[in-house]
Amino acid sequence: MAKNDARFVCQDCGAVHRKWMGRCDACGAWNTIIEEQAPEAGPRPAPKGRRIAFEPLKGESAPPPRRQTGIGEFDRVCGGGLVAGSAVLVGGDPGIGKSTLLLQVVAGLSTNTRVLYISGEEAIDQVRLRAQRLAVVDRPVSLAAATNVGDVIASLDGRDAPEVVVIDSIQTMYVDALDSAPGTVAQVRAAASELIRVAKRRGITLLIVGHVTKEGTLAGPRVLEHMVDTVLYFEGERGHQFRILRSVKNRFGPTDEIGVFEMSDRGLGEVHNPSALFLSERRGDVSGAAVFAGIEGTRPLLVEIQALVAPTGLGTPRRAVVGWDSGRLAMILAVLETRCGLVFGGSDVYLNVAGGLRIGEPAADLAVAAALVSSLTGEIVPHGAVVFGEIGLSGEIRAVGQTEARLKEAQKLGFTQALMPAVSRSGRAASAASAAGSGFARRELAELADLVAIFAAAAQRRPRQSETVRS
Ligand code: TYD
Ligand code: MG
């Protein structure tokens, strides 16, 4: 009996294994499995239930009331503000700025909402120092340093019960009844489910911080994703000041919405025009760079994609990618080689999304291809062009959604043409009307070979131009 008490739990995905392994079968993560005590299985009462009253789909259900935090980027990512009684998980790497963001959020709310900030990681003094830095010290935010879930729940009662509570972080919280250490899957799950249960019953909005941990010594936020209503990830590259808040699950709003922030010495500032920001460091027309007209959530976003194709010094050429999927890069390279006859085999290929953004959209394929071909040939991408479109394995360029929004953003930022997929006939009628007289050229490409032809034509034109200059 005693032997069965032990079980081995992946701290990343929560999968339970019967023996220890170096790599989790379920999620493929390495060194994330640790031994935990099985929860007590005690005698269960005989199942005896009440009949459930069923309801029709149609009925009077008002949209949930929302609280605006005053931080527009945060509110939009949440779907228009925080919903009462909902649980929001804010995940991210340590040091990315989760505590800073949530302190700003509760400070923004505190003018008309009772808010509580419970820190399990930092002493009150540290939180106060941060509040000074953020210039929010005089806001009526109630602070506490606590880690015992029982104590926290007991403090949510009473006439001055809070309406919004921050738990920073869930990995430091523990439930008395469990033997496991704080930060293990068992503790993190138990602590979160207790807190969420109580918060839902009392209509409290719960903001839970969860560190993403690579080593697996702490349970990651993924084990909580199914319990909460909204999952936000706070992302960014170290060394960049941009931070991106991304909603990956939202029961009360859209997903894949992003909010863009800039970390300064006085906290996180909102970035209202992210395209301009992501393009601000662009060095004009250089080879190996293409501007991708992307969509993040509901918002168009222009971002530069940079490629470097360099002769390799190694037997196996390197392929290094930042901000994009490396499998997808391999696919684009294969299509360029097979369908267009270009040769990357003897070259290292580096790909980078400028500004530290991560792109997941397949629409970036064509921009990646343009950057690659540009770097390989040394020809620049046509002046003033944005690029978007999905590439299929046969080299065809496929239409992508929200063409008009992409083009509008490009025009707004002074671009004059787009290399893009052919729009369907009905769409073209509408778009021709909207583009009439705007001086914006749509160069619709059907095949990847058409893109390569643009660079080849530019290469042919150039020597002739230089001849005329000389003569
Ligand atoms: P923090 O919110 O503590 O990160 P997390 O809670 O995700 O671990 O942010 C820590 C980093 O942010 C730290 O490196 C310092 C930096 N920072 C600033 O640059 N400016 C600021 O105004 C604040 C408060 C923090
Ligand atoms: Mg923190």
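This is a predicted model: local features need pLDDT of at least 70, side-chain atom pairs count only at pLDDT 80 or more; totals for chains, interfaces and linings use all residues.
Before you start: residues count from 1 along each chain as its sequence is written, and chains are lettered from A and ligands numbered from 1 in the order in which they are written. Local features need pLDDT of at least 70, side-chain atom pairs count only at pLDDT 80 or more, totals for chains, interfaces and linings use all residues, and side-chain values use heavy atoms, leaving out hydrogens and water.

**Stop 1: ligand 1.** Select ligand 1 and the 17 residues around it; Gly95, Ser99, Thr100, Ser264 and Gly267 come nearest. A residue belongs here if one of its heavy atoms lies within 4 Å. Colour this shell by class and you will find four nonpolar, seven polar (Gly counts as polar) and six charged residues.

Now show the oxygen atoms of ligand 1. One is 2.6 Å from a side-chain N or O atom of Ser99. Backbone N or O atoms also approach ligand oxygens, at 2.8 Å for Lys98 and 3.4 Å for Ile96. Overall, the protein covers 76% of the 560 Å² of accessible area (Shrake-Rupley, 1.4 Å probe) that ligand 1 has on its own.

**Stop 2: the elements behind the shell.** The largest share, three residues, comes from H2. Helices here are DSSP runs (H or I, at least four residues), as are strands (E, at least two).

**Stop 3: H7 and H8.** Select residues 326-340 (H7) and 365-377 (H8), whose axes, lines fitted to C-alpha atoms over the stretch in contact, come within 10 Å and cross at roughly 60 degrees.

Conventions:
A polar contact is a pair of N or O atoms within 3.5 Å; within protein, one must be able to donate a hydrogen and the other to accept it, and residues adjacent in sequence count only if both atoms are side-chain atoms. Axes are lines fitted to C-alpha atoms, for helices over the stretch in contact, and angles run from 0 to 180 degrees between N-to-C directions.
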